[in-house]
Amino acid sequence: MKKIRKYIDNSNLFFENLLEKINPRRINFNSVKQKAIDKIYVIIFLFVLLPILYISIPGIIDKEIIKYKFKESLNQNFKVDFELDTEVSYKIFPKPHFHFKDVNIFKDENNFGNIQDLRLLVSLKDLLDIKSIKIKRIILENSELYLDHKDVIFFDYFLKGNLSNKDLIIRNTEIFFQSIKKETLFIKKLNKAIFYYDKKNQRNNFKNDIELFNISNNSEFFYSNNFEKLNFKSNFDQLDLTIEGASSIKENNGFIDIDLANINLPVNYQLEKNQFVFSHKHDSLKVFTNKTNQQDFDEDFHFKGVTNLKPFYLNLLVFLNQLSLKDLFNNNSLTVEVLKTQILNDERLNYDLSISANKLKKYSSIKDITIKLNSLQGVIDLNNTSFQYDENITITMDDSVLSFRNNDVILDCKLIFQVKDLNSIYRNYQTPKKNRAQFSSFEVLLDYSFIERKINFKKIKVDNKSNEKLNKSLISYNEENDFLKNKIEFKKFINNLFQVYSDG
């Protein structure tokens, strides 16, 4: 890019020097040979130099007149105040344009942003009349924009405007979304955005390529039904996620069609004052294996949620009949991919997520599952996550923290086991009678690696009392984690702990 820019600058300089060096008085008209050369000069002048001279005219116009003309046009298009009091230069290549450096933007006397490079491409038809000169393309590069919820009109006004004779391009720009108190809520990196007129569909389009919470996203927006409906499509390739839908401007509601890892979810939503309310209820969750075939993923699935916009807080409840641990926590699962992006631990995102399921796929002994995911100012926990095991044990999670260490996702927690019928458990595991000591509860401190899929035990208490022999026996399983391989190994693991505890 630097080489291309250098080439363009050198080309501009070359033609400026060429125009200065051409001197008609040096031509000798006395010889026939010279007359042939003169004709060549005339042809060059007419077909090459005259067009260059024509498009060079704005370079000799008073810069203050140009600034006033463009300032008036820009302020009318954007409804903000562009301060064009900096130095301006005129370039012929790659297309005739004016270049402004370090332009400040104000709205209602407040700082709206700063543009390091503002380029205005002009129409070639009106170069002789500065009053009629028109901007064909506006390019904002290396900028910072400071927006609150009301300033979305900055983009909305342009999307609704007349883009048939001009377009807007924004590159390498950071957008700072601010609260009413001008506190930065979050930053969006805008790699490229373009407002343009789609001649084929006869409508204005807005396309952008952004980074939001370390996740790349490209989106498209356009109005239909006489600006009464805003249509959009957004792709998150890292998450294998596509969101497509439409919003009714008058009714403040709409629908979203979510394609998530081959799963299709239709969602309805409603905007209510400071809240975004959404829900999905479907007899079956469809998994699309290809364009023509589909199969039922679950017998019952639905969710609902509310997002408070000021301040941001998400409350989401998900209900399903059957939960798959493989789909939820596999190394290649969406859950792990989202965790690895670290979007969930952003301190600007506060949320309370709850997933409830009747049973666990392939594990009939585990039922009544509730997974809680909570975040407050970047601290994530799974406190109050619980499930029933074999109808005789209730397992609850407490003192948990989800963190990111060395490219791994680690859950530190305490699991509390409340025993209802201990004798029934002993019978199920065929525990020898001599190892059947009595207790009513126990708790285990551990951490779990989502990437390595490995448990690291730290400490165990039975009836709120420590037991060193039991601790050593439990920690000895940290190396291999063989008890996770199958039911037989897990049964051996449990009976060994019963034996160590009964021996005292």
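This section describes salt bridges and strand pairing in a predicted model.

A search of the whole structure identified 12 salt bridges. One of them joins Asp-81 to Lys-71, with a separation of 2.7 Å between the closest N and O atoms. Asp-81 belongs to strand β1 (residues 81-83) and Lys-71 to helix α3 (residues 63-78), so this contact ties together parts that are 10 residues apart in sequence. Asp-81 is partly exposed, its relative accessible area being 26%. Lys-71 is likewise partly exposed, at 24%.

A salt bridge is also formed by the side chains of Glu-141 and Arg-119, with an N to O distance of 3.0 Å. Here the partners are both located in strands: Glu-141 in β5 (residues 135-147) and Arg-119 in β4 (residues 110-122), so that parts 22 residues apart in sequence are tied together. Glu-141 has a relative accessibility of 13% and counts as buried, because the cut-off for this class is under 20%. Arg-119, at 11% relative accessibility, counts as buried as well.

The salt bridge between Lys-250 and Glu-228 connects two loops, and its closest N and O atoms lie 3.4 Å apart. Lys-250 is found in the loop between β11 (241-248) and β12 (253-260), whereas Glu-228 is found in the loop between β9 (215-224) and β10 (229-236); the pair therefore ties together parts that are 22 residues apart in sequence. Lys-250 is exposed, with a relative accessible area of 64%, while Glu-228 is partly exposed at 37% relative accessibility.

Strand pairing was examined around β19. Strand β19 (residues 351-360) pairs with strand β18 (residues 312-323) in the parallel sense, over 9 bridges. Within this pairing, Leu-353 of β19 stands opposite Leu-316. Strand β19 also pairs with strand β20 (residues 363-376), in this case in the antiparallel sense and over 9 bridges. The bridge partner of Leu-353 in β20 is Leu-373.

Key: Residues numbered from 1 in each chain as written. Predicted model: local features only at pLDDT ≥ 70, side-chain atom pairs only at ≥ 80, totals over all residues. Heavy atoms only, no water. Salt bridge = Lys/Arg side-chain N within 4 Å of Asp/Glu carboxyl O. Helix = DSSP H or I, 4+ residues; strand = E, 2+ residues; numbered from the N terminus. Buried < 20%, exposed > 50% of the residue type's maximum accessible area, 1.4 Å probe, protein only. Pairing = 2+ DSSP bridges.
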